[in-house]
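Try each task before reading its solution.

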Amino acid sequence: MEKYNFDEVVDRKNTDSCKWDVKKGELPLWVADMDFETAPCVKNAIIKRAQHGVFGYNIISEKFYEGYISWWKTHYDFTIEKDALIFSTGVIPSISSCVRKLTSVAEKVLVMTPVYNIFFNSIVNNGRIVKESPLEYDRETCSYSIDFSRLEADLKDPQVTLMILCNPHNPCGKIFTKEELGKIGDLCKKYSVTVIADEIHCDFTVPGKKYIPFASVSETCKDISVTCISPAKSFNIASLCTSAVVVFNPVLRHKVWRALNTDECAEPSAFALVAACEAYTNGGEWFTQLNEYLFENRKYACDYIKTNCPKLKCVDAEATYLLWIDVSGTGLSGNKFTALLREKTGLYICGGLQYGKGGENFIRINLACPRVILEDAMERLKNFCAML
């Protein structure tokens, strides 16, 4: 087995990187992209395609379908039929298109907060209303759960016609159980609510844990849902604009297909196809080692914070490469904490307010970087906490 080197530091400055567009001396661990090169097989496939030199319009190849179908069958024992798969240029473009097609202006879209902040953009920018249904947080165990009484009351609102489910959950890293997902599906069916399941972080799970695809839980979940999946996070190829939606219900699938085509986000680039096919066909060994490295990063960061920053509490996460931290013990809100942290130390991370209700006292750190960068970040965090 080839051993991959995730300790290598790649200089991303002066590459038009959104993440690294920062002042000199600042260390950005905010947006969810990784500081590792993609899998060598993916990089080589892109280079080979580039050498061909002609980049006209593309069709969706059989290899594209085979890659997705094989990955989900091998890793999650979930069968996706070819007819259920539709190419899209990204998870968020897919979600935004679905919001426009599956709801009417001024209707409500439910999200379980604190949750990925761009969901709010997809809702509000399209003239719809965000319906926040907060998760329950237990500060003693640093864990999250669903208050199903609250969720049912929120879904019962006749103006709620769509739910965006983040599975696994970003930013808290919760993997929903089969029972939880089944209850969500039953409640949404009961109140005629369609579910969009954003499952882009699905591959990043801690040892002994696996995410469960929402559509795999029951015929109800399968029938009422649109699932958004992509190699973009797992293989660090977000800017190549490659993803897919999975819709089993033929009527719902036709609506989603029309939405994506109407919004012109269903046409692939050459690199979008090549990268996805190669990642899902030959990138498994690389990703397995990456995921192990990320878990060690999580262990290191949590242990460091427990020892050196006793006023902070790390949430017990099962998935993603994001660390969600309770800073209420400092007396500062998450946004105030991160603003001062950046000002005093240059460490640039996310404040929790942008993730909605329940995120006010939290911060989010991206752990997907070489260990030496994470060590630098932890040192800066320790020095800041010593000032409080």
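**Exercise 1.** Work out what covers the buried residues of α10.

*Solution.* Remember that you're looking at a predicted model. Start by picking out the buried residues of α10: among them are Trp286, Phe287, Leu290, Tyr293 and Leu294, along with Asn291, Asn297 and Arg298. Next, look at what sits over them: the cover includes α1, α2, β11 (313-314), β12 (322-326) and α12 (371-387).

**Exercise 2.** Check the span of helix α10 against its number of residues.

*Solution.* Helix α10 runs over residues 284-308, which makes 25 residues. At 1.5 Å a residue, the helix should span 36 Å. Now take the end C-alpha atoms: they are 36 Å apart, so the two values agree.

**Exercise 3.** Find out which element gives the most to the lining of the second largest pocket.

*Solution.* This pocket has a volume of about 330 Å³. Of its 16 lining residues, Ser61, Lys63, Leu273, Val274 and Cys277 are the closest to the centre. Elements giving two or more residues are α1 (40-52), α2 (62-76) and α9 (270-282). Sorted by class, the lining comes out as 6 nonpolar, 5 polar and 5 charged residues.

**Exercise 4.** Is Gly346 buried or exposed?

*Solution.* First, locate Gly346: you'll find it in the loop between α11 (334-345) and β13 (347-348). Its relative accessible area is 8%, and buried means under 20%, so Gly346 is buried. Leaving out residues up to four places away in sequence, Gly346 touches Gly25, Glu26, Leu27, Leu341 and Arg380.

Notes. Residues are numbered from 1 along each chain as its sequence is written. This is a predicted model: local features need pLDDT of at least 70, side-chain atom pairs count only at pLDDT 80 or more; totals for chains, interfaces and linings use all residues. Side-chain values use heavy atoms; hydrogens and water are left out. On a 1 Å grid over the protein atoms alone, a cavity is a set of points where a 1.4 Å probe fits but cannot get out, and a pocket is an open set with protein on both sides within 12 Å along at least five of seven lines; lining residues have an atom within 4 Å of a point. Grid points are joined across faces, edges and corners, and a volume is the space filled by probe spheres set on the points. Helices (H or I, at least four residues) and strands (E, at least two) are DSSP runs, numbered from the N terminus. Ala, Val, Leu, Ile, Met, Phe, Trp, Tyr, Cys and Pro count as nonpolar, Asp, Glu, Lys and Arg as charged, and the others, Gly among them, as polar. The expected span of a helix is 1.5 Å times one less than its number of residues. Buried means under 20% relative accessible area, exposed over 50%, partly exposed in between (1.4 Å probe, protein chains only). Contact means heavy atoms within 4.5 Å.
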